[in-house]
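Morning, everyone. Let me put the model on the screen, and then we'll walk through a few spots.

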Amino acid sequence: MSSLGVTLTALCCALVVVIGALPFPSNAQLDPSFYRNTCPKVHSIVREVVREVSKKDPRMLASLVRLHFHDCFVQGCDASVLLNDTSTIVSEQTALPNNNSLRGLDVVNQIKTAVENACPNTVSCADILALAAQISSVLAQGPNWKVPLGRRDGVTANQSLANINLPAPFFTLDQLKKAFSDQGLNSTDLVALSGAHSFGRAHCSLFVSRLYNFSNSGKPDPTLNTAYLQELRKICPNGGPGTTLANFDPTTPDTFDKNYYSNLQVQKGLLQSDQELFSTSGADTISIVNRFSSNQDAFFESFKAAMIKMGNIDVLTGTKGEIRKHCNFVNKKSAELDLASMASQETSNEGMVTSI
C-alpha cells in the first residue's frame, strides 16, 4: 500500500473514532419504529384500551395527555410519576400538584397488562405514557403525530422536584416561561402545550380566588370576562366545597380544537395561567395566541412539534433504566410482590390539574 493510502486509512479510522466519541444526546436513539420487530402491534393495543375507556369516561383523554406532561416535567420522561410509595421511594403522586388529582393511573396499568400479554418485558411504561397521550389527542379530534419510541423506565421518583417543576394554575407568565424554559421549551411550546386545556375539567378550588378575591383584593380577576365570571360563580359558589368540576373550554369541552385560544381572546380562560398568555401586556405570547386562534392547522403543527420536543426531555435509552414489569414498581420491588393479586386503585377525588 502506498504511503498516501496508509495516510488516508489512518485519517478515516481517526475520523470514525472521533465521531464515535461525540456526545450525541440520548434522545437520538428514539425512533417511531423502535418496536417494529419486537412489538409491532403496540400502538393498536394501546389505542384499543384508551378507546374503550374513553367511551365510558370522555374526560380520560385529557387526563392521559396531562399525565404525560406531569411525567416529563419531573426528571424527564421516565414514567417516574407512576411509581408508588415504597420503603425506598417517595412517590411523585403525593406531591402537591399531583395529590388526589392524577387520573389515568389505572388505565396505564390496563394498557401495560395488555402489552405485557403480547410482548413481555419489551415496552416501557414511559413509552406507554407517550403513546397514550398521542392516541388521546387523536380520539379527541386533535392532532396526530408519530411518537418517537425507545424510552426506558426510571428506577427513582422525585417528589420534591415535582413540587418545584410542575407549573401552578396561579402562575404569572414570567413564572410559566421560566418553568418551561427550564425544560428546554420556548414561548411557542408554552402556548401550544397550554392548548391541551382545549378539553378536560378542573376543580373549582384551582380558580375560585379569581372569582371572588383575586390576589387578596376582595375583587374578581379584572382579566376575567364579566359574563363568564357570573357563569363560573354559579358553578363555584364562594365558600363552596371546591371539588365541583368546570370545563376548561365552555364551547367544545370534549373536543381538541383551537377554541381554547378564541376563549382567551374574549377573556374566558379558566385558570389564571391560561389567561396570562393573552392578557399580559406586551407579551410575545399574544401574537401566538392570535395565530393559533385563526389557524387551527398552525396550532396543531406547533402542538405536535412541542409534544415531540417535550417527549425527548432527559429520556433514558440503551442500557439506562429498565423496562418495568409493573408500572407502579421498579422491577426489584415487583419481584417481592404478588402483583397478580394487586388491584390498581385510583382516588375518586379527581379533577385538579397544574397549568399544563
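How are α4 and α5 set to each other, roughly perpendicular or roughly parallel? They are roughly perpendicular, because angles of 65 to 115 degrees get that name, with under 35 roughly parallel, over 145 roughly antiparallel and the rest oblique. The angle is about 115°, and the axes lie 10 Å apart. Axes here are lines fitted to C-alpha atoms, for helices over the stretch in contact, and angles run from 0 to 180 degrees between N-to-C directions.

Quick ground rules. This is a predicted model, where local features need pLDDT of at least 70 and side-chain atom pairs pLDDT 80 or more, while totals for chains, interfaces and linings use all residues. Residues are numbered from 1 along each chain as its sequence is written, and side-chain values use heavy atoms, with hydrogens and water left out. Helices are DSSP runs (H or I, at least four residues), numbered from the N terminus.

Back to the pair. α4 passes α5 in a right-handed crossing; that is, the near helix is turned clockwise from the far one by less than a right angle. On the α4 side, the contact (heavy atoms within 4.5 Å) uses Val-108, Ile-111, Lys-112 and Val-115. On the α5 side, it uses Cys-125, Ile-128, Leu-129 and Ala-132. By class, that is seven nonpolar, no polar and one charged. Lys counts as charged, and Val, Ile, Leu, Ala and Cys count as nonpolar.

Now α5 with another partner. α2, residues 42–56, packs on α5, residues 125–139, at about 55°, with axes 9 Å apart. That makes α2 oblique to α5. This crossing is right-handed too. Among the contact residues are Val-46 and Val-50 of α2, and Leu-131 and Ile-135 of α5. The contact divides into seven nonpolar, four polar and two charged residues.

Last stop, a loop. Lys-268 lies between α11 (259–265) and α12 (272–279). At 24% relative accessibility, Lys-268 counts as partly exposed. Asn-225 is 43 residues away in sequence, yet 5.9 Å away, C-alpha to C-alpha.

Technical notes
Helix = DSSP H or I, 4+ residues; strand = E, 2+ residues; numbered from the N terminus. Buried < 20%, exposed > 50% of the residue type's maximum accessible area, 1.4 Å probe, protein only.
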